[in-house]
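Trainee: Please show me how to read the features of a structure, one at a time.
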Amino acid sequence: SLQNPIFQQYWGNRVELHVHLDGAIRPETILYFGKKRGIPLPGDTVEELLKYVSYDTPLTLPKFLEKFNYYMPAIAGDREAVKRIAYEFVETKAKEGVAYVEVRYSPHLLANSGVAPMPWGQTEGDLTPDEVVQLVNQGLKDGERDFHIKARSILCCMRHMPSWSPEVVELCKKYQNDSVVAVDLAGDETLKVEDYSEHKKAYEEAVRSGIHRTVHAGEAGPAAMVKEAVYVLKAERVGHGYHVVEDPELYKELLKIKMHFEVCPWSSYLTGACSPDFTKHPVIQFKKDRANYSLNTDDPLIFNSTIDKDYGIVKEHMGFTEEEFKRVNINAAQSSFLPEKEKQELLTQLYKAYGMVPNAS
């Protein structure tokens, strides 16, 4: 795919908005910390580890989420590991020709102190969610300095853990101008959550505090989840959102307000979110309707992929043209959660690289 002019021409001018830090760790790094910390892993080599951790034929979303259990114990609760995965992430994205990336994660799932219940069966330590955010910020900044791309982060609330959500929003407020640009709600949307009101309150606080908002919705769940994300949680972007097309009224409304959909084609195939036939993918509808969407990798470790995989799929199966490629990246930059001045700088860079007149999109 790298030989393809659609990729090569604009190398270094891609924008990615939906990728999970804990789903983008290098297998070598997992093996290193597993060994260093004496934490058993399902394999001793990259190939063996990937046999358990990654896959290439569709599973359900819950089955996909189980993959994290294999390797997260090797990383969570370790300061050096947390900072390093953030730093290496930036390096990886620079190598993929990305100019700007927003990476998301749950601070609680990387911590081992002040978190209940304790994730990944860890014993109590002294790494709090707050310090996790500081370490990730530092790793991202060091990466920006060394690899010359821009990286920001989004902090995830988890659907199955409403009690964490208020703290997540407080951390967004605390680090708002220090690498963190938004809040997200992630996890299995098919789960019935006992106390959904905690998520709602957290998002209300985000709105009050001027924190940007995105929500995973309409991936495994129906269009109603997208409606709730936009109208109840006041999401400014929707993570995935494929099933929105099943509610034509809602879809029309969201097209009108230019709601941004963070689309992940290869992911949507592997999690069973969409039909395994790419020629029937909702993104084809998005493209036809000139919807506001971006192309993203989601969990490249588990999907054994790079951004080229997703670009290749839409080019091969969805009639993706050079014009659409440019449009999608301009959309991504416009829908990014960067402050206005930085957003304009990014857009100027893209327009220049694409040989476009600003706002011609």
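Mentor: Begin with a single side chain: glutamate 80 is partly exposed, with a relative accessible area of 36%. Buried means under 20% relative accessible area, exposed over 50%, and partly exposed in between (1.4 Å probe, protein chains only). This is a predicted model, so local features need pLDDT of at least 70 and side-chain atom pairs count only at pLDDT 80 or more, while totals for chains, interfaces and linings use all residues. Residues are numbered from 1 along each chain as its sequence is written, and side-chain values use heavy atoms, leaving out hydrogens and water.

Trainee: With which residue does glutamate 80 form a salt bridge?

Mentor: A salt bridge is a side-chain nitrogen of Lys or Arg within 4 Å of a carboxyl oxygen of Asp or Glu. Here the partner of glutamate 80 is lysine 36, with the closest N and O atoms 2.4 Å apart. Glutamate 80 belongs to helix α6 (residues 79-95) and lysine 36 to helix α2 (residues 27-37), so the bridge ties together parts that are 44 residues apart in sequence. Helices (H or I, at least four residues) and strands (E, at least two) are DSSP runs, numbered from the N terminus. Lysine 36 is partly exposed too, at 48%.

Trainee: Are arginine 104 and aspartate 184 buried or exposed?

Mentor: Both are buried. Their side chains meet in a salt bridge, at 3.0 Å from N to O. Arginine 104 is in strand β2 (residues 98-105) and aspartate 184 in strand β4 (residues 180-186), so look for distant parts of the chain, 80 residues apart, linked by this pair.

Trainee: How many salt bridges are found in the whole structure?

Mentor: The search finds 34. Some are joined up: Arg26, Arg84, Glu88, Glu91 and Lys95 are linked in a network of salt bridges.

Trainee: Which residues form a nonpolar patch on the surface?

Mentor: Patches are made of residues with over 30% relative accessible area and no salt bridge; like charges are joined within 9 Å, nonpolar side chains (Val, Leu, Ile, Met, Phe, Trp, Tyr) within 5 Å. Tyr231, Val232 and Ile257 form one, with about 260 Å² of accessible area together. Areas come from the Shrake-Rupley method with a 1.4 Å probe; for residues, only the protein chains shown count as cover. Isoleucine 257 sits in the loop between α11 (248-256) and β7, and at 52% relative accessibility it counts as exposed.

Trainee: How should I read the whole chain?

Mentor: Count elements, then check dimensions. The protein has 16 helices and eight strands. The C-alpha trace spans about 55 × 45 × 40 Å along its principal axes. Buried residues make up 59% of the 361.

Trainee: What does the UniProt annotation cover?

Mentor: The unreviewed entry gives "domain: Adenosine deaminase" for residues 14-352. UniProt positions are given in the numbering used here, feature names are shortened, and annotations may be inferred rather than shown by experiment. In the model, that span is 47% helix and 14% strand, and its end C-alpha atoms lie 13 Å apart.
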